[in-house]
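User: I would like to learn how to read a protein model, one feature at a time. Where do we begin?

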Amino acid sequence: MRAHEAGALHGDLGSRGPAWLRTPEDVNALVPQLWPRTVSRTEAGSLQVGGVGIADLVAEHGTPAYFLDEDDLRARCQEFAASFGDADVYYAGKSFLCKAVVKIVHEEGLFLDVCTGGELAVALAAGFPAEKIGFHGNNKSPRELERALDAGVGRIVVDSFDEIARLTDLSEKKNKRPKVLVRVTVGVEAHTHEFIATAHEDQKFGFSLAGGAAFAAAARIIDDGVLDLRGLHSHIGSQIFDTSGFEVAARRVLELQAQIRDARGVELEELDLGGGFGIAYTTQDDPQAAGDLAKRINKIVESECELANLRKPKLSIEPGRAIVGPAVFTLYEVGTVKDVDGIRTYVSVDGGMSDNIRTALYDASYSATMANRASSAEPMLARVVGKHCESGDIVVKDEFLPADVQPGDLIAVPGTGAYCRSMASNYNHVPRPPVVAVRDGASRVIVRRETEDDLLALDVG
Ligand SMILES: Cc1ncc(COP(=O)(O)O)c(C=O)c1O
Ligand SMILES: N[C@@H](CCCC[NH3+])C(=O)O
């Protein structure tokens with residue numbers, strides 16, 4: 001998360017926006033890095049995506065809803081695959097997974113990373129080839145491991161000594177030799193929110209490099225000879241803009257790789273550097289293009305291999321957010337507009353923390369625009385909030401909206417493809433919104449809207 005996302009507000013009443021937020025010259029303008037590529041305003045001023053106008057989308061699918069620009073998603077898959085060349089690009093399923101997206105990711109030639117039996121079930125149900133699946137998780141159950149072995153999952157990323165023992169035992173019983181990676185905690189303090197940083201020492205993921213657990217895990221697997229140790233894995237966190245964290249991570253895992261070679265005579269052939277590439281949530285975020293990331297990461301790995309006197313391993317990366325995040329916007333309808341005198345204007349919409357928990361959970365920043373019309377009114381600093389019974393139910397902390405925003409207007413929030421529907425809840429018994437893919441002038445529901453019947457179906461009375 002960027003420094004500006006710390007949420008600091010101006011002290012003076014009446015201008016309670018963060019210091020970085022500027023009054024826009026045109027409150028209707030769409031800042032390109034925030035929006036899926038086929039989104040634009042029609043001459044009349046409303047949004048369109050994939051050649052379909054927002055009014056038609058709302059008439060057919062209602063609000064709130066997530067709209068996926070399918071061409072944008074496919075283009076991002078293609079850019080990562082082409083830029084990283086020989087590397088395997090795993091789409092991180094945790095960011096957003098459903099059968100249609102699994103099929104798209106497969107058609108575009110990507111691999112797939114899952115981290116629970118549920119995600120694995122969706123991938124397999126959509127016909128994704130098991131050998132192109134990587135299986136993560138710090139607490140995979142025996143049942144999940146068994147399922148992965150039976151399905152023939154391509155890589156299992158082991159995360160604890162308990163798991164190594166469990167998987168070794170199961171593999172011997174089933175006479176299998178799964179390919180595994182050892183997840184290494186490299187001790188990098190990634191510049192991101194604490195809850196989404198994953199490679200500092202004090203946390204649940206991986207084997208500590210500094211404490212020697214990572215070496216011991218690799219050595220145990222090699223010595224046992226049951227699992228096929230293909231390489232090491234490092235994921236330093238999410239929403240990272242600066243490649244220096246990847247540089248330190250690559251150096252440290254490659255040093256470990258050299259240590260393993262020297263101690264056991266085994267030169268591991270693969271290296272997975274995880275995901276975490278940041279995307280634009282606000283005008284201040286300036287993400288790197290896939291091509292630039294690929295060049296930097298390849299260069300880092302090459303020079304670190306040279307230093308450690310290692311052959312360059314086959315690389316894998318696991319972008320989730322950077323592929324699906326920018327391809328989606330959420331559309332809401334405004335229900336109430338409340339000016340809390342001298343403090344701020346609250347614009348309440350028909351969704352909230354149940355469809356986007358990131359603002360409440362990580363203090364994340366988002367942007368928004370009025371979607372049903374362009375307005376000539378002055379920009380007004382507003383806070384877009386949901387309909388839940390929590391004062392922390394904030395969708396967009398600070399954004400300029402036209403001062404004439406009113407009930408019935410539509411608000412679109414970009415950058416919601418990752419970790420919004422996948423982290424959605426039924427808090428306050430609000431049914432979760434649908435995901436609608438739009439392309440070439442047509443829309444199709446890929447995850448339908450939940451109904452009250454769905455909610456009641458689980459309630460056995
Ligand atoms: C192991 C692993 N790989 C990949 C990702 C994808 O991260 P992001 O979507 O932030 O790129 C995550 C999530 O943080 C992860 O835990
Ligand atoms: N869910 C998080 C990222 C963590 C993903 C898994 N390690 C986010 O919204 O940014």
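Analyst: Start with pairing: two strands pair if DSSP finds at least two bridges between them. Strands (E, at least two residues) and helices (H or I, at least four) are DSSP runs, numbered from the N terminus. Here strand 5 and strand 13 (residues 314-317) pair in the parallel sense, over two bridges. Asp 88 has Ser 316 of strand 13 as its bridge partner. This is a predicted model: local features need pLDDT of at least 70, side-chain atom pairs count only at pLDDT 80 or more, and totals for chains, interfaces and linings use all residues. Residues are numbered from 1 along each chain as its sequence is written, while chains are lettered from A and ligands numbered from 1 in the order in which they are written.

User: How many bridges pair strand 5 with strand 6?

Analyst: Three, in the parallel sense. Tyr 91 stands opposite Leu 112 in strand 6. From strand 5 the chain crosses through helix 3 to strand 6, and this β-α-β crossover is right-handed. Go on to strand 7 (residues 133-135): three bridges join it to strand 6, and the two run parallel. Val 114 has Phe 135 of strand 7 as its bridge partner. The crossover from strand 6 to strand 7 goes through helix 4 (residues 117-125) and is right-handed.

User: Which way do the residues of strand 6 point?

Analyst: In a regular strand the side chains alternate between the two faces of the sheet. In strand 6 (residues 111-114), Phe 111 and Asp 113 point one way, Leu 112 and Val 114 the other, and all are buried. Buried means 20 or more other C-beta atoms within 10 Å of the residue's own; exposed means 12 or fewer, partly exposed is in between, and C-beta atoms are placed from the backbone.

User: What is the order of strands in the open sheet of three?

Analyst: The order is 1-2-3, with antiparallel pairing. Strand 1 (40-41) and strand 3 (52-53) are at the edges with a single partner strand each, so one side of each has no neighbour in the sheet. Two bridges join strand 1 to strand 2 (residues 47-49). Ser 40 stands opposite Gln 48 there.

User: Why does Lys 94 count as buried?

Analyst: Lys 94 counts as buried because it has 20 C-beta neighbours inside 10 Å. It lies in the loop between strand 5 (88-92) and helix 3 (99-107). Contact means C-beta atoms, placed from the backbone, within 7 Å. Leaving aside neighbours within four places in sequence, Lys 94 is in contact with Cys 115, Glu 119, Gly 320 and Ser 422. An unreviewed UniProt entry annotates Lys 94 as "modified residue: N6-(pyridoxal phosphate)lysine". Such annotations may be inferred rather than shown by experiment; feature names are shortened, and positions follow the numbering used here.

User: Which residues does the "binding site" annotation cover?

Analyst: The unreviewed UniProt entry lists Arg 321, Arg 358, Tyr 362, Glu 390 and Tyr 419. They are spread over 99 residues of sequence and also in space, up to 26.8 Å between C-alpha atoms. Arg 321 is in helix 10 (residues 321-324). It is buried because 25 C-beta neighbours lie inside 10 Å. Glu 390 sits in the loop between strand 17 (379-385) and strand 18 (394-402). With 13 such neighbours, Glu 390 counts as partly exposed.

User: How many residues surround ligand 1?

Analyst: A residue is near a molecule if its C-beta atom, placed from the backbone, lies within 6 Å of it. For ligand 1 there are 18, and the closest are Ser 238, Gly 275, Glu 318, Gly 320 and Arg 321.

User: Where is Tyr 419 found, and what is its phi?

Analyst: Most residues other than glycine have a negative phi, and most peptide bonds are trans. Phi of Tyr 419 is near 60°, a positive value. Tyr 419 is in the loop between strand 19 (410-414) and strand 20 (435-439). Asn 309 also has a positive phi, near 55°. Tyr 419 is buried, with 25 other C-beta atoms within 10 Å, whereas Asn 309 is exposed, with 9. For the peptide bond, look at Thr 63 to Pro 64: it is cis, with omega near -10°.

Definitions and conventions. Two residues are in contact if their C-beta atoms, placed from the backbone, lie within 7 Å. A crossover is right-handed if, with the strands pointing away from the viewer, the path from the first strand over the helix to the second runs clockwise.
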